[in-house]
Amino acid sequence: MTLSQSTINKIIHQQILVGDLSTDELSKFCQIANLAYRSGNPIINDQDYDFIYLAELKERDPNNSLLKTVEPEGQDFSEEKSLLPEAMLSTDKAYSWNEVSKWLGRLEKSANEINLAIQDIQIKATPKLDGFAGYDDGNHLYTRGDGKKGSDITRVFSRGLKVYNDSERGQGAGEIVVKKSYFDKYLADSFEYPRNFQASLIKEKELDDKAKQAIAKKAALFVPFSELPTWSGNISNLITQFDTIVQEVLQTVDFDVDGVVFETVNDVLKDHMGANRKFHRWQIAFKENKDKAQVKVLSVTPQVGRTGKITPVAELEPTLLSGARIVRATGHHYGLVKEQGLGAGSVIELTRSGLVIPKINQVLKSAPVDIPALCPSCGEILHWESDFLMCANHTDCPAQVIGKMEYFFKILANNDGFGIATIEKLYEKNIRKVSQIYALNVDDLSGMGFGEKTSTNLIAQLHRSHSEQVEDWRFLAAFGVSRMGLGNCENLLKNYPIDEIFSLSLEKISSIDGFAELTAELIIKGLKSIYDEFELLNNYQFNLETTALQKETVTLTHALFGKKVVFTGKMQGSRDEMKRHAKSIGINVLNSVSAKTDYLIIGEKVGKNKIQSANKFGVNILAEESYLSMIEE
Ligand SMILES: [Zn+2]
C-alpha cells in the first residue's frame, strides 16, 4: 500500500491522529518517517516518532519488520555494498530508569550463568550521538547499511574530514557529526537540523562551500565511539548515581546528543549475551523521557489554587505514559480551554518528562467547552487576568485559605501530618491561618475530633517544624507571596537580612540583580500582606539558618575559583558544610567524578571507585588539608 502525500501531510500536522490510522497505514508512515530521518530530512521530530508512532506500532504489530531489523539507511548510494568488518546494529532504547534497571537485571542474570561476580561487571556510559553512522577500517569508511553490508563513502575522508581529537583513522564504528556550537552559529539559518547538514557531507555530488568550510574548521568530524568521553563504574555505582551520570554524560561533548549509551565492557559477558537481529543485548541507550500521547478528554473540572487561579483539570481516558497509568491532567490555564476547545470529547497531546506530572501540550481535536462563571469553592464571580481565570476572594475563599496553609507546611518541608486532609479538617473547625495552628495544643486538637495519638503527634510535628533548623529563605517562601518562590527569597536574603526586608524601598529591591521593577512592586505588596502573620509566627522562634550576605566586592582569587570539584570520604568537619562553603566561594561542586572534574577532594576512608575514576579521567586528587590551604590564598 502507499500513502498519498496529502495523507502524509495530514498525519504530520496531526489532522489525522494515530488512532485513526489502520495498522498498515501506520506501518507505512513509520517507514516513510524513518527513511526521511535517515536521509537527513526528518518530517517529524524524534520524540513523536518514538513515542507516538513507533510505540503504537509496537503495540499493534510487535513483529513488524521495522521493529525487528536494523532500519534502512534512507540514502541511495551507487556504490556496491561491502561486508562490514563487524556488524553495526541499532541500539536498544530505554526511556525510564525502570527499563535501564531491567537491562541491568539481564546483565546480572547472564553474569551468573558464566560465574562472573556481579561487582565485577564493568559498565561504561557514553553520549549517544545523533549523527550519521559509519565504520572506519583505516582504509575505507563504510555506511552502516543494513548492519552487515554498507556502502563505501571513503570520499568523505578524501574531502578532508578529520577524526575527532585529531586521533588516528581505523578506530571502527563511529558517527559523522557537526559541532553544535558551530551549527548554531553558522548553519542554523540554512539547515533545520544538524542531520540535514550531516547528510550533505556524504553525498556523492560535490560539496558546497558551507560543507567545505565546516570540514576545514574541524567542525564537521568523524567521531569514533572509542574516542568519546566515558563514565565507568560497576552496577552499584550506576544505581546510586544514575541521574548525575546521565546529566554529566549528556554534557560532555559539543555535538547533538539524544541519550546516553550504557554497555558492559566485559568481553566474556558480551560474547555470552550476543545480539538479536537488531540490537546487541549488552548495550542499551537511555533517552531522556519526554513521553507523549494523544488522549481523549472525558470531562474538564475547575480547581481553585491557593492564589485564586482557576486551573482546568481534565479527566482522561486512562493512558499509559512513561510507565504510569494517567487518568487526569492539568491544563495550564483556562485560556487554553477557551482558545483551543479543551472540552469533554476533545483529544489532547499529553507529555510527561520523567516522573513529572503530565502536561497538556495542545488540543488536537476541539470540543465545546464549559467556562465556569463562579468560583466552585466560594461562589464569587470569576474574572480574567490575561489567560488566567481568577477568584478574587483571596481572604475568604475556602480553597485559597486551605491551599495557603497547606503550602506553608509543604514548603517548610520539615514536618509530617499537615497535608491536605488535616488542613481541611482544621478549616472546618474555623482555623484560617498558620499562626492559629501554632497556637493549638493537644487538648484543642482532641476537642476538634482528632484522635488522642494523632493530636499528640501533630503537636510534636509542629514543635519539630520550628525547632529543627531551616533556611531563612525557605521559611520566607513558605508564606506563598507572589514572585517570592524559593529562588527569589534566597536572592533577596543574600542582599538583605530577613529583619530588614519589610522596610525595603522599591529602589532597593529593584536594584538587586534579577528583580525587575514590576517584580519588586509585587514583592513589596506581598510582604505587606503577610507582615502581621509573619510577626505572629516569629514569636514561635523558628530555628532559622541565616543566609550569608553577598559582599559587594567579592575578591575570589583562590586557586580553585570556578573549578569543578567532587568531595568524597570522611572529612574533619561536616562534608555538607564544606560543600556549602565551597559553593559560596565560587567553586563548582559536583557529585560524581567525570572527565570534566578538575579536582577530587578526599577525606578519610575513600572508596576505591572514586579514586579509580579520578585516575582514569586524569582528575587531580587533593587531600582535605591541601584543599583548605589552596582556598585560603
Ligand atoms: Zn473562590
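A residue counts as partly exposed when its relative accessible area lies between the 20% limit for buried and the 50% limit for exposed. In the predicted model examined here, Arg328, at 45% relative accessibility, therefore falls in the partly exposed class. Glu315, at 23%, is likewise partly exposed. These two residues form a salt bridge in which the closest N and O atoms are 3.2 Å apart. Arg328 belongs to strand S15 (residues 324-330) and Glu315 to strand S14 (residues 309-321), so the pair ties together parts that are 13 residues apart in sequence.

The search of the whole structure finds 12 salt bridges. Among them, Asp136 and Arg169 meet through their side chains with an N to O distance of 2.9 Å. This pair links distant parts of the chain, 33 residues apart: Asp136 is in strand S4 (residues 132-136), whereas Arg169 is in the loop between strand S7 (162-163) and strand S8 (172-178). The two partners also fall in separate accessibility classes, since Asp136 is buried with a relative accessible area of 1%, while Arg169 is partly exposed at 31%.

A further salt bridge joins Asp258 and Lys287, with the closest N and O atoms 3.8 Å apart. Asp258 is located in strand S11 (residues 257-264) and Lys287 in the loop between strand S12 (283-286) and strand S13 (290-304), so parts that are 29 residues apart in sequence are tied together by this pair. Both Asp258 and Lys287 are buried. Through salt bridges that share partners, Lys128, Asp258 and Lys287 are joined into one network.

Nonpolar packing was examined next. In soluble globular proteins, nonpolar side chains tend to be buried together. The largest nonpolar core of the model comprises 48 residues, and Phe408, Ile437 and Leu476 have the most contacts inside this core. At least two core residues are supplied by each of helix H13 (398-412), helix H14 (420-428), helix H15 (434-438), helix H17 (452-467), helix H18 (472-477), helix H19 (486-495) and helix H21 (517-538). Of these, H13 gives the most, with eight residues. When residues up to four places away in sequence are not counted, Ile437 touches Met405, Phe409, Phe418, Ile423, Leu426, Ile431 and Leu462. A second, separate core contains 25 residues, including Ala111, Ile123, Val246 and Met273.

Note on methods
Residues numbered from 1 in each chain as written. Predicted model: local features only at pLDDT ≥ 70, side-chain atom pairs only at ≥ 80, totals over all residues. Heavy atoms only, no water. Salt bridge = Lys/Arg side-chain N within 4 Å of Asp/Glu carboxyl O. Helix = DSSP H or I, 4+ residues; strand = E, 2+ residues; numbered from the N terminus. Buried < 20%, exposed > 50% of the residue type's maximum accessible area, 1.4 Å probe, protein only. Core = buried A, V, L, I, M, F, W, Y, C linked by side-chain atoms within 4.5 Å. Contact = heavy atoms within 4.5 Å.
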